[in-house]
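Please have the model open as you read.

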Protein chains: 2
Amino acid sequence: MVVGADFLQLDPGAVPRGSLTSWLVDALRAAIADGRLAVGTRLPASRVLAADLAVSRGVVVAAYQVLFDDGLIRADGARGTTVAAAPPRAEVLPAGRADPWAGIDLSPGVPDLSAFPRAAWLRAERTVLASAAAADLGYGDPRGNAVLRHELAGWLGRVRGVRAGAEDLVVVAGVAQGLGLLAQLLAGARVGIEDPGSRGTREQLAYWGVEPVPVPVDADGLDVEALARSGVPVVLVTPAHHFPTGVVLAPHRRRALLEWAAGGGLVVEDDYDAEHRYDRAPVSALQGLAPDRVVHTGSVSKSLAPGLRLGWLVAPRALQPELARRKRMTDLGNAALPQLVLAQLIASGELERHLRRVRPRQRARRDAMLDALRRHLPDARVQGVAAGLHLLVTFPPGADDRELAERARDAGVLVQPLSWHRVGDGPPGLVLGYAAHSPDRIRDAVARLGASMRRPSGVRQPVVPKRNTDRER
Amino acid sequence: MVVGADFLQLDPGAVPRGSLTSWLVDALRAAIADGRLAVGTRLPASRVLAADLAVSRGVVVAAYQVLFDDGLIRADGARGTTVAAAPPRAEVLPAGRADPWAGIDLSPGVPDLSAFPRAAWLRAERTVLASAAAADLGYGDPRGNAVLRHELAGWLGRVRGVRAGAEDLVVVAGVAQGLGLLAQLLAGARVGIEDPGSRGTREQLAYWGVEPVPVPVDADGLDVEALARSGVPVVLVTPAHHFPTGVVLAPHRRRALLEWAAGGGLVVEDDYDAEHRYDRAPVSALQGLAPDRVVHTGSVSKSLAPGLRLGWLVAPRALQPELARRKRMTDLGNAALPQLVLAQLIASGELERHLRRVRPRQRARRDAMLDALRRHLPDARVQGVAAGLHLLVTFPPGADDRELAERARDAGVLVQPLSWHRVGDGPPGLVLGYAAHSPDRIRDAVARLGASMRRPSGVRQPVVPKRNTDRER
């Protein structure tokens, strides 16, 4: 529990000649009082502390006895002697800790975390710990572990049509970091973003000094003519599956975008949840068609779990040295063990098996949501059902989707209004994630959603107290 | 390995009426030719690919047969059918991959990685995977997992005298990221740095827009009077164990520094390898004496492994919101599983047991280096032996320590010249890390070092080809 004489920095040299016991009692009492020794903390074994302080064991035993009589410490069975006095709880738990949402959270972008392949991950970790060289645990290549980059290059080539060698790839802490590093390179530049498009991404680009320029998205995806008119040198797109509409960039638009890039533009391709695909042919990555004009970024956040913070950035050669430098200056590179574990999951075929396993589950959840929408929101127009982890419902102009989201929250269902993710005008809508919940929960959520929308404006039945909700968001 | 019909993005709709077999053969041959299918890649089972493409299994079997006859794929026993043709190796392996140094690397800052507690780590990971909630794998608090922050706050309080609740602490990807986030906050400001001091840290601060102002370090540590004269508002110090001299900030200097801080200065305390301590009483963190004036940062890079990229940043309340925001915008927070594993290692006492185990090993290595230095470099002055993972030898003025390091490298021993880590003038010296090597290797290295220095200037006996060395550094 504690490191010998580092324990409270008790200095054997500071041990007074006189009453060793009272000196030690005072030191421990002070530490318990000011919270340095939290309740439940195990104290060192008397033998250990006595040796570290070069005092007789009897001194420590006597000191512990005094504190025991004061009720400050207690014998805690196998755990040994622990602190019994409680410091104020507020000091121990972080402020604003995320408690689970009391209702049903249909926010998009989170996969079915209950399906995370824990056994396969542990097996892979065992293999890695049994085989990794000591040097693999040291300061590594900031661009990422060579073995993972090799596996990722192969995987992305086979599954996404990405044309890259391991040397073209930087391992990053998710797409968020990938886009952040890129934005630092582009700081000061005007960068086209899809409108509608991810609000989080827009805010992140702006944070790093990029000027986001909205470019309209229609039923065929990004309006490339509007992009050309905007005069921006760079554009960020989600061609395989647009967020939040789910539109796939149409073939003629793909061609037009590649022509725009050939004319000097740089395309940043966020390969947003491309691995979740139900009723349509796969769409390969743009990067494979123009490796010199496209930066490709993706992650395992949607295929495994966002909490892994593992992704990749494939950039044209000209950008690679500066991206590697920024990654180094940011964190010296991703953590070694998770990189090696992911490499093992790819090489062993476990990642592929996992994706095969979850796909029918996700599809069933999507179908449950579609059924429920037909029943409970018959007037809503549903989009983006062919792939991904969420869908979009839009309504006739006039409705305020923020108010609809408010009503839904009051009914215990958390949804995102489409207008959050849009700069320009457009129809009201709601973004509904279905991947994280069972079909029954989804039916329940959509039923509540429908009821909340049919209720006359202004009438609310708070299921979750509003203040409480605000605190948790 | 591959995801069904995502495999090469083969589109069942694109399957021609005519010869299905030759269409599939062409598609696979192209993929092998351009490297999308690297050598050794497993092909999908014919049953699987046939189902995904909605063609008869015979078509796939026939196509595989053609490629087999061409020698492009082969039957690979239990692994199934794999690609036999080799793409150019250069495309597969990353450039500048770090091969092990041919000689003995005495660069400082790397612990004994062969002592990494692999079994304990795996046990903790099993516990975590068995008990973690699904939500723990989602997007978490960017400041870090609440359980780890709670454990770290308790640990730092007990072992380092840090006064902080879990809410005062941000989990970061090592001290490098902690200082980087802080430097972003301080961009444009003049920040005092120790001279000598870590060259890497100096370069990182400058990278993020801070102006490093050298402040001299003498036998008592940082010269606080010089600090006051410099007029900088912030200073970065390593009070527990100065890098590279190993000096401990003297009590009167600690008092003076805290007075300087009380007068409005901000102290950034890099708790550099404070856990490695051999012949001296522990020194508690400055932060515990002035939590409102000191930012404390540390990591497990020296106690466990740098490859974990796990550290902490404890800042005064006023700085916490902006630091948390920057951490969020940088990577949305550290990876979840390693955080939970570290929390488990602290709570179970494994981290303490590990430190107790390695300390005598490190001490034996230090003693071996001291013996060898007395024998082979009798004129060298040795400093910083009471703690840490390295020591410093200095020489009478006149010698060029960069040339000495060059000679050592030619003799197969990698050391850092003191002048690398210094802005102003001072005696020549060499920084010698001892933690990463066995006593025998250390004696060998110091013997070679001594011989290389006694050799008349200009005369070299290259042990490791120079170009080769340069490539590997």
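The report below covers the sheet of chain A and then the cavities.

This is a predicted model, in which local features need pLDDT of at least 70, side-chain atom pairs count only at pLDDT 80 or more, and totals for chains, interfaces and linings use all residues. Residues are numbered from 1 along each chain as its sequence is written, chains are lettered from A and ligands numbered from 1 in the order in which they are written, and side-chain values use heavy atoms, with hydrogens and water left out.

Pairing here takes at least two DSSP bridges between two strands. Strand 5 (residues 190–195) and strand 6 (residues 211–218) of chain A are parallel, with 6 bridges, and A:Ile193 faces A:Pro214 of strand 6.

Now to the cavities: 11 of 30 Å³ or more are present. A cavity is a set of points on a 1 Å grid over the protein atoms alone where a 1.4 Å probe fits but cannot get out, and lining residues have an atom within 4 Å of a point. A volume is the space filled by probe spheres set on the points, which are joined across faces, edges and corners.

| Cavity | Volume | Closest to centre, among them |
|---|---|---|
| Largest | about 210 Å³ | A:Asn334, B:Arg309 and B:Asn334 |

Helix 12 of chain A gives the most to the lining of the second largest cavity, with 4 residues.

Technical notes. Helices (H or I, at least four residues) and strands (E, at least two) are DSSP runs, numbered from the N terminus. On a 1 Å grid over the protein atoms alone, a cavity is a set of points where a 1.4 Å probe fits but cannot get out, and a pocket is an open set with protein on both sides within 12 Å along at least five of seven lines; lining residues have an atom within 4 Å of a point.
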